[in-house]
Amino acid sequence: MGMTNTAPIIELRQVEKFYGQFQALKDINLKAMPGERMVVCGPSGSGKSTLIRCINRLEEHSAGQIIVDGMELSEDTRNIRAIRMEVGMVFQQFNLFPHLTVLQNLTLGPMRVRKLSKAEAESRALTYLERVRIPEQAHKYPAQLSGGQQQRVAIARSLCMEPRIMLFDEPTSALDPEMINEVLDVMVELAQTTGMTMIVVTHEMGFARKVADTMVFMESGAIVETAPPETFFTSPRSERCRAFLNQILQH
Amino acid sequence: MNMSRILRSPASSVVQYLIVVGLITYAAYGGAQSLGYNWQWYRVPQFFGKFGPDGFVWGPLPEGLLNTLILSGISFVLAVVLGFGLALLRLSNLIIGNAFANVVMEVVRNSPILVLVYVFYYVLGPIFDFDRFTASILCLAVFHAALISEIIRAGIRAIKRGQWEAASSIALTPVDTYRYVIMPQAIRLILPAMTSEAIHVLKNSAIVSVIAVAELTTAGRNIISDTFMSFEIWLTVAAIYFVVTVALSALISLMEKKYAIRQ
């Protein structure tokens with residue numbers, strides 16, 4: 001582990017992303033060390049989601065380099081799969097598989113990708129369902145669960161792959177207010193009890209203060225500011241970051 | 001709302017169908033009366049089967065029906081397989097595969113099936129050395145594959161992008177993504193349209209009577225040329241097709257229930 005402590009587990013070098021004429025990411029340079037918790041914030045449309053979606057190749061970057069766990073993302077599909085095995089993702093809309101039970105949602109990846117036996121996959125699934133505090137829902141279908149429960153199942157689904165990195169794409173934005181905390185609690189616990197590298201796109205600044213090692217502020221496709229939370233929340237360098245924080249911290 | 005639900009229920013569909021058929025029959029009967037047509041319904045049962053010296057012998061109509069079922073069954077299965085292949089090619093980003101699928105689609109969709117039957121039997125048949133039964137199966141399969149591929153493609157495209165992304169995020173291969181995530185959901189959207197396609201194949205199989213494949217329509221035609229009972233036999237043949245297609249619809253609606261999302 002000595003080596004990995006000094007080398008970043010995720011590195012983006014001069015990454016650019018275009019949708020036709022529109023530039024969604026501009027000269028992104030970013031490093032995350034193993035075990036680092038990074039919170040990415042910024043106004044909507046600033047490229048936060050695009051940024052993390054490039055890390056597991058849900059979006060293809062147009063220029064620059066993305067290196068994850070020592071592997072550079074390229075056209076090679078085997079390479080992409082190898083990276084996706086190490087990078088879990090939690091989506092804003094949960095994206096659970098509606099035709100499968102909770103347990104089946106959780107065992108599909110481990111059985112098909114990690115080649116676990118059904119029994120191994122199920123016992124692993126139950127472990128992680130305990131972890132997200134809903135073991136009793138294992139045999140229900142996603143539609144029978146509340147939004148907060150669905151998102152916790154989605155987190156467990158990613159965890160069952162035992163990835164080294166977890167990406168969270170606005171995990172609480174689609175939730176009713178009363179369910180936000182149950183999801184955030186699970187995420188805080190993950191951050192505090194595992195050595196997993198986490199990149200979280202969120203507007204939940206309370207969560208950010210609690211767990212973030214690094215805050216990243218983006219605007220118009222560019223990273224405007226990167227700072228540890230103490231500095232970030234008390235004395236942000238850029239005017240735009242200050243304005244953004246004022247807006248979302250008002251309440 | 002309630003009224004339309006009643007009108008669309010299976011039982012009422014059967015009733016509506018029977019009313020229409022009744023009216024047509026009545027009109028035909030009236031027309032035949034005025035033609036001085038000599039009805040001979042009593043001669044029809046023998047074509048279903050009769051007791052001979054060696055026991056019961058099936059008549060030409062059940063034999064024709066059996067061939068129709070075999071012919072359309074094989075054609076439909078083949079059409080689904082081919083249609084799935086075409087749909088995947090069209091959804092893929094393979095340039096050649098995509099172009100190939102598009103050409104097949106357009107050629108088949110824009111040709112009358114009668115012409116296709118002749119092409120398969122008189123042109124491709126001698127070239128590749130297959131008999132009339134094989135030619136019919138291939139013709140029906142290719143024709144319906146083009147239609148089915150559109151149904152499958154639409155079903156697959158209706159699955160939300162998030163499902164693909166979730167599958168990718170747990171590193172499923174494309175094959176596993178289709179098999180475990182996309183198709184089980186798409187099949188629910190595909191089944192209703194597939195029902196009418198299955199029935200469509202069954203009815204379209206009558207066309208191959210033009211190359212004298214011994215199926216139900218050919219059987220009917222042969223009986224008529226022996227007996228001159230056009231009205232009785234064609235009405236009987238129509239009724240047989242009707243019974244089979246209604247049974248098929250009922251079977252498939254059972255399947256739809258089985259695949260419904262459990263809540």
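The model is predicted. Chain A has an average pLDDT of 93, and 98% of its residues score at least 70. In the contact between the chains, 17 residues of chain B meet 22 residues of chain A.

**Confidence in chain A**
- Among the elements of chain A, helix 4 has the highest mean pLDDT, at 97.
- The lowest mean pLDDT among these elements, 54, belongs to helix 1 (residues 2-6) of chain A.
- Where pLDDT is low, predicted coordinates should not be read in detail.

**Nonpolar cores**
- The largest nonpolar core has 77 residues, and the members that touch the most others are A:V40, A:A156 and A:L167.
- Setting aside residues up to four places away in sequence, A:L167 touches A:I52, A:I55, A:N56, A:V87, A:G88, A:M89 and A:I199.
- In soluble globular proteins, nonpolar side chains tend to be buried together.

**Sheet in chain A**
- An open sheet of four strands in chain A has the order 2-1-4-5, with antiparallel pairing.
- Its edges are strand 2 (22-32) and strand 5 (71-72) of chain A, each of which pairs on one side only.
- Strand 4 (residues 63-68) and strand 5 of chain A run antiparallel and are joined by two bridges.
- Opposite A:M71 of strand 5 in chain A stands A:V68.

**Helix 4 of chain A**
- Helix 4 (residues 102-112) of chain A is mostly covered, with nine of its eleven residues buried.
- The buried residues of this helix are A:V102, A:N105, A:L106, A:T107, A:L108, A:G109, A:P110, A:M111 and A:R112.
- Their cover includes helix 5 (118-131) and helix 6 (147-159) of chain A, together with helix 8 of chain B.

- By type, the chain B residues that touch chain A divide into eight nonpolar, six polar and three charged.

**A buried loop residue in chain B**
- B:F47 is in the loop between helix 2 (10-35) and strand 1 (49-52) of chain B.
- B:F47 counts as buried because 25 C-beta neighbours lie inside 10 Å, the cut-off being 20 or more.
- Apart from neighbours within four places in sequence, B:F47 is in contact with B:G59, B:P60, B:L61 and B:I223.
- B:F47 is also 9.5 Å from B:A219, C-alpha to C-alpha, although 172 residues separate the two in sequence.

**Positive phi in chain A loops**
- Most residues other than glycine have a negative phi.
- A:K115 is not a glycine, yet has a positive phi of about 60 degrees.
- The loop between helix 4 and helix 5 of chain A holds A:K115.
- A:K115 is exposed because 9 other C-beta atoms lie within 10 Å, and 12 or fewer counts as exposed.
- A:R133, also not a glycine, has a positive phi of about 65 degrees.
- A:R133 is in the loop between helix 5 and helix 6 of chain A.
- With 15 C-beta neighbours inside 10 Å, A:R133 counts as partly exposed.

Key. Residues numbered from 1 in each chain as written. Chains lettered and ligands numbered in written order. Predicted model: local features only at pLDDT ≥ 70, side-chain atom pairs only at ≥ 80, totals over all residues. Core = buried A, V, L, I, M, F, W, Y, C linked by C-beta atoms within 7 Å. Contact = placed C-beta atoms within 7 Å. Pairing = 2+ DSSP bridges. Nonpolar A, V, L, I, M, F, W, Y, C, P; charged D, E, K, R; others polar. pLDDT = per-residue confidence, 0-100.
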